[in-house]
Amino acid sequence: MHLLGTDSKGWDIAAGMYGGLQVVFKAALFYIFLTYGVGIVIGCLQGYYGGWFDLVSQRVSEVLSNVPFLLLVMIITANIGLDKVTLTTILLIFCLFSWIYVATYLRTSTFREKARDYVAAARVQGASTGRVIFRHILPNAISTIVTLLPFSVAGLATSLTALDFLGFGLPEKYPSWGRLLDDGTSNLSSPWIVSSVFGTMVGVLLLITFIGEAIREAFDPKKFTTYQ
């Protein structure tokens with residue numbers, strides 16, 4: 001029994017949607033770990049040290065931010081060959097550009113927090129730079145990170161879907177929402193294909209947004225502080 005029907009190849013849509021959801025979750029875990037790891041470290045160092053390090057890293061960020069990364073992914077996948085492209089390859093290209101906005105927000109938060117009294121007290125007591133940044137400043141900037149998380153996951157899901165829809169994403173051995181959407185637009189006489197993909201994407205993105213909003217409320221700095 002096919003709950004959502006089948007596509008033009010006779011494959012079950014519900015199974016394809018579930019497989020695509022698994023790919024998105026796996027990609028999100030790798031993407032968040034790498035992107036936020038790099039972005040947090042660079043952003044905190046920018047805000048804490050400032051000076052020439054901040055100046056040089058900001059110029060590098062500006063150059064990378066002006067590169068159309070989706071176009072770059074298309075060029076790289078076209079040269080590598082769609083059969084040789086893996087999920088790791090695409091995610092590494094995404095992470096090469098996605099750390100920039102994380103670092104930008106953390107730079108601002110670190111620059112603000114380093115002027116607080118608890119940072120000066122930690123320095124007076126002989127705390128190292130790493131301890132000051134990651135044990136004192138970063139916990140007080142956690143609300144910024146939590147606010148960005150749902151938008152990062154939602155953006156990753158839509159980007160992967162867009163690449164697969166255009167034919168420059170993952171090979172066919174990976175289940176994909178984008179290929180199902182492409183199949184649905186090519187067969188509009190079977191409206192259940194497009195409606196299934198669209199409904200699932202809207203539901204998942206709304207769920208991610210609501211979960212992110214709940215987590216943000218839990219870490220609201222106006223309600224809780226960790227000044228120590």
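At what angle do helix α1 and helix α2 pack, and how far apart are their axes? A reminder to myself before I answer: this is a predicted model.

**Entry 1, the helix pair.** I looked up α1, which covers residues 13-49, and α2, which covers residues 51-65. They pack at an angle of about 140 degrees, and their axes lie 7 Å apart. Angles over 145 degrees would count as roughly antiparallel, so I put α1 down as oblique to α2. I also noted the hand of the crossing of α1 and α2, which is left-handed.

Sorted by class, the contact of α1 with α2 has five polar residues, four nonpolar ones and one charged residue.

The largest pocket holds about 380 Å³ of space. I found 20 residues lining the largest pocket, and D7, K9, W11, R179 and L180 are the closest to its centre.

Which helix gives the most to this lining? It is α8, with five residues. Helix α8 spans 177-186, and α1, α7 (142-166) and α8 each supply at least two residues of the lining.

Last, I checked the classes. The lining of the largest pocket has nine charged, six nonpolar and five polar residues.

Technical notes
Residues are numbered from 1 along each chain as its sequence is written. This is a predicted model: local features need pLDDT of at least 70, side-chain atom pairs count only at pLDDT 80 or more; totals for chains, interfaces and linings use all residues. Side-chain values use heavy atoms; hydrogens and water are left out. Axes are lines fitted to C-alpha atoms, for helices over the stretch in contact, and angles run from 0 to 180 degrees between N-to-C directions. Helices (H or I, at least four residues) and strands (E, at least two) are DSSP runs, numbered from the N terminus. Angles under 35 degrees count as roughly parallel, over 145 as roughly antiparallel, 65 to 115 as roughly perpendicular and the rest as oblique. A crossing is left-handed if the near helix is turned anticlockwise from the far one by less than a right angle, and right-handed if clockwise. Ala, Val, Leu, Ile, Met, Phe, Trp, Tyr, Cys and Pro count as nonpolar, Asp, Glu, Lys and Arg as charged, and the others, Gly among them, as polar. On a 1 Å grid over the protein atoms alone, a cavity is a set of points where a 1.4 Å probe fits but cannot get out, and a pocket is an open set with protein on both sides within 12 Å along at least five of seven lines; lining residues have an atom within 4 Å of a point. Grid points are joined across faces, edges and corners, and a volume is the space filled by probe spheres set on the points.
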